[in-house]
Amino acid sequence: MPHGSRTNAVMGDQAATKNPGASLAQRERRIVRLERERGCAVIVLDNPPVNVASAALRAQLLDAVRELAADDGIKAAVLIGAGKTFVSGADLKEFGGPLLPPEMPQVLAALGDCPKPIVAALHGAAMGGGFELALACDARIGAPDLVVALPEVKLGIIPGAGGTQRVPRLIGVSKAIEFITSGRRMPAQEALALGLLDAIAKADLRAEAVALALSLSGKRNLAAVPVPAENDEVVAAAADSALKKAKGRPYIARAVEAVRWAAETPLDEGMARERAAFHALRTAEEAFALRHLFFAEREASRLRDLEGVPARALAKVAVIGAGTMGSGIAAALIESGLHTLLIDTKTDALQRAQSKIAELQARAVAQTRIDQATAQARLERLTLGSELAPARDADLVIEAVFEDMGVKAKVMAELDRVMKPDAILATNTSYLNVDVLAAATGRPHLVLGLHFFSPANVMRLLEIVRGAKTSRETLATGFALARRLGKVGVLAGVCEGFIGNRIYNVYRNQCEFMLQEGALPQDIDDALEDFGFAMGPFRVGDLSGLDIAWANRKRQAATRDPRARHVAILDRLCEAGRFGQKTGAGWYGYPHGARRGEPDPLVEKIIIEESAANGFARRKIAPEEIVDRALGAMINEARLVLADGIAQRASDIDLVFAHGYGFPDYRGGPLFWASRQDPARIARAVDLVAAATGFGFRRAAEIR
Ligand code: NAD
């Protein structure tokens with residue numbers, strides 16, 4: 001994992017872990033070298049591409065530590081990574097079964113027992129087990145571009161080699177709770193200020209590390225360092241804030257507990273308890289689910305027919321439409337270093353977009369995520385305009401105008417006339433047919449869908465839609481852009497709603513059926529939020545606006561088979577001007593600008609009337625039935641999406657739902673979750689969905 005990449009859950013890299021320490025040949029390959037420099041041993045860890053702490057690396061490092069301990073000519077030692085980075089993390093492939101010896105704590109114990117001072121020289125990323133290795137050394141010096149992280153919670157575990165015990169000894173319990181339960185990447189400057197680093201290298205990391213190691217007169221034993229005293233309330237506040245994210249995530253609570261042990265127990269004992277908790281978590285269901293998503297992400301960008309196809313270099317991008325999506329997309333683009341021209345026919349839309357983007361940067365500065373100069377540089381990359389003609393300079397244009405075929409086709413055709421002949425044209429449409437839009441241009445091979453999710457500067461998912469004529473280079477450029485933006489690109493084929501919205505619609509329809517049969521919006525939202533969704537479908541609807549779905553329904557009304565079950569509640573809400581939060585009313589009421597909606601008697605009345613008008617005797621629907629039907633609908637449609645070739649693989653669909661639709665990541669996505677259930681439960685759920693849906697229901701062949 002090259003440092004600077006925004007992939008956040010990095011604890012290993014598949015390329016490096018195909019064969020986790022298993023083969024003799026790999027174990028014997030020298031990936032740890034002991035070099036000598038002025039009486040100092042320099043232990044070079046050289047396990048490309050990202051120095052994963054594989055079993056082979058651990059074994060050879062243990063040998064090297066023993067060798068330097070026994071060599072009288074060596075006074076001190078430095079640990080350093082070869083290539084782009086220090087050790088980027090553990091070898092995830094190992095985590096599902098028994099770990100191979102020697103385990104990390106054994107290596108760290110040898111470092112501690114070695115009578116000579118050892119300095120960790122860090123560059124790139126020191127993450128997970130890699131950072132724990134550094135923490136077990138007597139001092140740490142970092143290159144200016146270093147980032148450190150203990151991202152274990154993102155994989156459903158806690159640090160298992162001293163991280164939860166050593167970090168609080170250096171920076172205190174409250175800060176350690178924040179750092180470890182967020183799993184965030186911390187830049188070198190912050191790590192220095194807090195005390196996780198002892199120095200930042202000025203010019204030559206290796207030479208400065210050697211000088212530091214030789215200057216240390218003896219071991220610095222963290223076991224003897226007490227956890228800095230802190231006000232109980234500060235610690236309690238940090239714990240409370242972390243525990244807010246702990247629902248369904250037992251590893252967060254374990255991480256908080258483990259950090260608190262540091263203040264109460266000797267280092268050795270704390271480490272033993274931490275290790276036991278780590279082992280229990282790594283084989284728990286949540287960890288399997290999160291590892292599944294981790295590997296799914298690496299897999300998603302591997303497309304057989306794109307191998308070796310170069311992506312187009314992008315310097316300038318234009319975004320057409322400065323509304324909700326266009327402004328968010330432009331923010332993401334300038335943040336990634338791209339010069340961006342944002343075009344809208346309405347000057348007030350442009351002004352709103354500009355203030356929103358400036359505000360995002362100001363907030364990032366206030367939160368110390370970036371400095372003022374970076375914010376300034378980003379804003380300087382943004383240009384606003386009210387005409388399409390300047391899009392002639394762009395290498396890529398992304399249209400994000402109204403979701404209307406006529407409007408979009410006209411804009412695409414106009415863009416085609418002004419753009420450079422070889423420039424790429426993307427549409428951010430949520431549902432419309434990309435092939436029809438491509439046909440409005442004279443360059444269908446350069447047209448693709450880039451379906452961003454709202455808010456586009458935050459959401460990690462990007463559906464990359466391949467039209468019938470989209471060229472391989474155009475697609476490769478879409479994937480390269482996703483990487484550059486720190487997003488997860490997932491390939492989708494053309495159909496109504498692509499992967500995500502197609503499946504989501506079926507799920508939402510099933511939820512509307514349940515309203516008609518007897519449930520209320522809060523019953524359904526609460527049941528699905530208890531399952532782990534970030535938000536239930538009706539709260540999502542109110543947040544994103546019901547008018548989009550309404551417009552879509554009106555568009556489909558002409559071709560909808562009268563035999564198909566249609567629930568008109570949403571139409572009636574919209575007819576009453578209830579478009580969601582933005583109008584102060586939707587599925588819920590939002591009196592006095594409340595952010596969380598409240599059940600509204602008027603909505604209940606509309607729902608009850610709708611039930612009566614359609615001959616439903618309302619009944620109470622249990623939360624278990626709500627979950628089974630909502631997920632049954634989702635899983636069945638997901639299987640159909642696969643069967644229809646709209647998605648390439650099941651794990652791509654899991655990524656789409658975990659990263660774009662608030663599906664609980666610790667359940668691994670809908671298809672992973674389904675694969676861990678009793679098949680009879682899924683089949684029964686789909687039976688219920690089939691009965692409720694009636695006309696037009698198509699059952700996936702795999703669900704029997
Ligand atoms: P929006 O109404 O907020 O913004 C659309 C903007 O396009 C407006 O500012 C409008 O002035 C501008 N516009 C319209 N015609 C134009 C033209 N001919 N030239 C230049 N500008 C023009 O809409 P939005 O929510 O940002 O959605 C935009 C697109 O993104 C739609 O296709 C939508 O389906 C898709 N999308 C939306 C979401 C979402 O959650 N809102 C998510 C994914 C994709």
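This is a predicted model: local features need pLDDT of at least 70, side-chain atom pairs count only at pLDDT 80 or more; totals for chains, interfaces and linings use all residues.
**Gly172**

I started at Gly172, which counts as buried at 1% relative accessibility. By my cut-offs buried means under 20% relative accessible area, exposed over 50%, and partly exposed in between, with a 1.4 Å probe and protein chains only. Gly172 lies in the loop between α6 (163-171) and α7 (173-182). Helices (H or I, at least four residues) and strands (E, at least two) are DSSP runs, numbered from the N terminus. I also checked Gly172 against Leu462: 290 residues separate them along the chain, and their C-alpha atoms are 39 Å apart.

**Ground rules**

Residues are numbered from 1 along each chain as its sequence is written, and side-chain values use heavy atoms, with hydrogens and water left out.

**Whole protein**

I looked up the domains next: domain 1 is 13-286, domain 2 is 314-492 and domain 3 is 500-693. Those bounds come from an automatic or database domain assignment. Between the C-alpha centres of domain 1 and domain 2 I get 40 Å.

I count 29 helices and 19 strands in the protein. The radius of gyration is 28 Å, close to the 27 Å that the globule rule gives for 704 residues, so the protein is as compact as a globular protein of that length. The radius is taken over C-alpha atoms, and the rule is 2.2 Å times the number of residues to the power 0.38. Along the principal axes, the C-alpha trace spans about 90 × 60 × 50 Å. Of the 704 residues, 57% count as buried.

**Ligand site**

Which residues come nearest to the ligand? Of the 22 around it, they are Met325, Asp344, Glu403, Lys408 and Ser430.

I then went through some distances to ligand oxygen atoms. A polar side-chain atom of Glu403 lies 2.5 Å from one. For Lys408, a side-chain N or O atom is 2.6 Å from a ligand oxygen. Val401 uses its backbone: an N or O atom there is 3.4 Å from an oxygen of the ligand.

The protein covers 82% of the 830 Å² of accessible area that the ligand has on its own. Areas are from the Shrake-Rupley method with a 1.4 Å probe; for residues, only the protein chains shown count as cover. The elements giving two or more residues to the shell are α14 (324-335), α17 (405-418) and β17 (447-452).

The shell residues split into nine nonpolar, nine polar and four charged. Here Ala, Val, Leu, Ile, Met, Phe, Trp, Tyr, Cys and Pro count as nonpolar, Asp, Glu, Lys and Arg as charged, and the others, Gly among them, as polar.

I noted a cis peptide bond joining Pro48 and Pro49, omega about 5°. Pro49 sits in the loop between β2 (40-45) and β3 (52-53). Another cis bond joins Ser454 and Pro455, with omega about -5°; Pro455 is in the loop between β17 and β18 (461-466).

Arg38 has phi near 50°, a positive value in a residue other than glycine. I find Arg38 in the loop between β1 (32-37) and β2, exposed at 58% relative accessible area. His592 also has phi near 50°. Its loop runs between α24 (569-575) and α25 (601-613), and His592 counts as exposed at 85% relative accessibility.

Notes: A residue is near a molecule or strand if one of its heavy atoms lies within 4 Å of it. A polar contact is a pair of N or O atoms within 3.5 Å; within protein, one must be able to donate a hydrogen and the other to accept it, and residues adjacent in sequence count only if both atoms are side-chain atoms.
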